Structures are given as structure tokens and as C-alpha cells.
Amino acid sequence: MGEWSFLSELLDKVQSHSTIVGKVWMSVLFLFRIFILAAGIDNIWGDEHTNMNCNTKSPGCKNACYDRSFPISHTRFWVLQILIVSTPTLIYLGHVLLVIRRENKLRRRLEQKLDKNGMVKTPKYSNENGKVQLKGALLFSYIMQLLFRIVLEVAFIVGQYYLYGFILMPNKISYQEYPCPSPVDCFISRPTEKNIFIVFMLVMAALSVLLNLVEMFHLMVSKMQETKRRSSVPIPPEKMYCYNKPNHNSSEKDTLC
């Protein structure tokens, strides 16, 4: 679990800057994907190459059959998938931390002081506790990392089929190219157990895509409701100004309604 602790700490920081659905996605990633891999799936999966038995002892035939069937081990493929799918979220975290650092610096330097234009500069995205609001550039960054996560998850799901040529683990693999002198059958160890893990990881990837789509829909609905709520709030009378066209022959000024 030690090699995953650094990534887990980074992703844990993202939870405080995510929506409710985003926190559920993090839980799915932690509990059902990272934890399964960190718990020692390599020990459960075993060495595919060593445990593969072929009906020939021809030198190099077993290696060629394994290399053709498994360009990359399933466990290493899943590790690569988690790391790449998590990358857009880590980039978003970097953006959030940059915004928080910039606005904390603004608070210390200005603290509600007037700038040269006479306007009050206040932090736009975060509060004193470091809690950010998803709007403007941060909202765009958050939506983009959701889109990239969806694209990457779908690419890995489709890529898994094209990489191995099958979804479920077959009981045997036939190979008849060089250096095998004749058609050879290689038998895979514990295919049913491995199929359970393959189906489980595919379901988790599909669930991740679904959660990302739900989160995008949740963001759109919440922002539309927020915009509608703001437009329905009347402007207080004390903030409304009566504007009169300037009269150069009169000393009257704009008055407050």
C-alpha cells in the first residue's frame, strides 16, 4: 500500500474541492480499484508466464505465445489506467492550490484596501478557510477534467479489448507461428478466477464513466438553478440610481432613488 499512499493523499485533497458526486467517484476509485490493486492482486493473479503450460517444449514457443496474447499484464494495465485517469484530477488540484495560494496572498497584501481605481479587491474563488467555489475559470477547469476522465476511461475500456483480442480470459490460447514448429495450445492457470477480476475492473471503469456523466449533469442543473435564482432576486431600492441626462446649464447631480 506504500507505493499508493502518495497518490491517495493527493486525491484525498481533491475531495474538499469537489461536488458530492465527485466525492462518490473518489470513494469508488479508492475502495474498489486502488485498494484491490494495493491489497496484492499480483499475488492473487500470479505470474501468468510461469503458470502457463504449453503442449510443447520447443525453445521460445511459450514466450512467443505469451507475448502475442498478453502484450502487457492485466494488473499493470490497470495500474496504468488508474494513474492516467487520475492525471486530469491532479491537474485540477494543482489549479485549485494555485488559486488558493494567489488569493491568500491577495488577502495578506490588500485586506480590503482600495486600489488605484478606488475599487475594493476581494478574493473571487476562495474564502479564508481555503474552500473554493466552482465558478469562472475553476468551473471550466473542473468540467474539463471530467471530460478528460470520461474520454480516458472509455479509451481504456475499448483499448483493453483491442489490446488482448478478448474480454474474458480464455482457457487456452492457440499459437502456430515461429518459433513453434507446429500449432501449439497453451493453457492459462485459473482462468475463472482471473475472469472475476477482469469483470470487476470493467464494471468499476463503467461505473466511473457513469458517475462522471452524472456529475456533469449535476453541475449543469445546479448552475442553471443558481442563475435562475439570482435573476429572480429583485435589486434593493437603495442600490438603484436614477440617471438624468447631464444639463450643462444646471448644477443638479444624479440623485439616489
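Which handedness does the link of Cys54 and Cys186 have about the S-S bond? I looked this up first in what is a predicted model. With 105° about the S-S bond, I note the link of Cys54 and Cys186 as right-handed.

**Disulfides**

I searched the whole structure and found two disulfides. One of them joins Cys54 to Cys186, with an S to S distance of 2.0 Å. I placed Cys54 in strand β1 (residues 53-54) and Cys186 in strand β3 (residues 184-187). The two are 132 residues apart, and I record the pair as a link between distant parts of the chain. I then checked burial. Cys54 is buried at a relative accessible area of 15%, and Cys186 is buried at 0%.

The other entry is Cys61 with Cys180, a disulfide whose sulfur atoms are 1.8 Å apart. The torsion about the S-S bond of Cys61 and Cys180 is about 100°, so I list this disulfide as right-handed. Cys61 lies in helix α5 (residues 61-69), while Cys180 lies in the loop between β2 (172-175) and β3. The pair therefore ties together parts that are 119 residues apart in sequence. I have both Cys61 and Cys180 down as buried.

**Cys65**

Cys65 is buried, with a relative accessible area of 1%.

**Aromatic rings**

How many aromatic pairs does the structure hold? I count seven. One of these is formed by Tyr161 and Tyr162, at 5.4 Å centre to centre and with 80° between the planes. I class this pair as edge-to-face because its angle is 80° and the class takes planes over 60 degrees apart. Is Tyr162 buried or exposed? I find Tyr162 exposed, with a relative accessible area of 67%. Tyr161 counts as partly exposed, at 41% relative accessibility.

I also traced a cluster. Ring pairs link its members, which are Tyr66, Phe70, Phe77, Phe156 and Tyr164.

**A charge over a ring**

Which residue lies over the face of Trp25? I find Arg149 there, at 3.7 Å from the ring centre.

Definitions and conventions: Residues numbered from 1 in each chain as written. Predicted model: local features only at pLDDT ≥ 70, side-chain atom pairs only at ≥ 80, totals over all residues. Heavy atoms only, no water. Phe/Tyr/Trp six-rings, centres within 6.5 Å; stacked < 30°, edge-to-face > 60°. Buried < 20%, exposed > 50% of the residue type's maximum accessible area, 1.4 Å probe, protein only. Lys NZ or Arg CZ within 6 Å of the ring centre and 35° of its normal. Disulfide = S-S within 2.5 Å. Helix = DSSP H or I, 4+ residues; strand = E, 2+ residues; numbered from the N terminus.
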